[in-house]
Amino acid sequence: MSGNWEVALLFSNLIEVPITKQCVKNLSVLICVDLSRPETIWTTLESLLNTVKQRVKKVVAELKHENPSEANLMVAECLARYGSDHPDKDIVDLIPIPTVIIGTKYDEFQNFDPEKRK
């Protein structure tokens, strides 16, 4: 069973509804980026990732207050997925839930001039 939410960039304050301490342990985030508008990819992705990261950190902090072992387990599992021996582990700010980024409209993107695709 799954519950799916679509939260557009314009309504990113609604992210508080699906990301709660009751469900954060079983949550995955899927971010879709429109590749047909390459000029907006980076700002859109950065904005959405920051919004998700801030909300998840807040929820994990609330969870840590109520159930420290559960919150610590979430963070430990995240670090384990990333790899304790990864060379960037000390400089990367991880989101402790699975996060997937999908580029949509590749069929349009692939026909762009190589300079525009950069």
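Author: The dialogue below treats a strand and then a group of rings. The model is predicted, so local features need pLDDT of at least 70 and side-chain atom pairs count only at pLDDT 80 or more, while totals for chains, interfaces and linings use all residues. Residues are numbered from 1 along each chain as its sequence is written, and side-chain values use heavy atoms, with hydrogens and water left out.

Reader: Which side chains of strand β1 are buried?

Author: In a regular strand, side chains alternate between the two faces of the sheet. Strands are DSSP runs of E with at least two residues, and helices are runs of H or I with at least four, numbered from the N terminus. In β1 (residues 29-34), V29, I31 and V33 point to one face and are buried, that is, under 20% relative accessible area with a 1.4 Å probe, protein chains only (over 50% is exposed, in between partly exposed).

Reader: In what sense do β1 and β2 pair?

Author: Pairing requires at least two DSSP bridges between the strands. β1 pairs with β2 (residues 99-104) in the parallel sense over 6 bridges, and I102 is the bridge partner of C32.

Reader: How many aromatic pairs are there?

Author: A pair of aromatic rings is described by the distance of the centres and the angle of the planes. Rings of Phe, Tyr and Trp (its six-membered ring) pair if their centres lie within 6.5 Å; planes under 30 degrees apart are stacked, over 60 edge-to-face, and the rest tilted. The count is 2 aromatic pairs. Y106 and F109 form a tilted pair, 5.9 Å centre to centre with 45° between the planes. These two residues are 3 apart in helix α3 (residues 106-109), so about one helical turn separates them. F109 and F112 form an edge-to-face pair, at 6.1 Å and 70°. Y106, F109 and F112 form one aromatic cluster.
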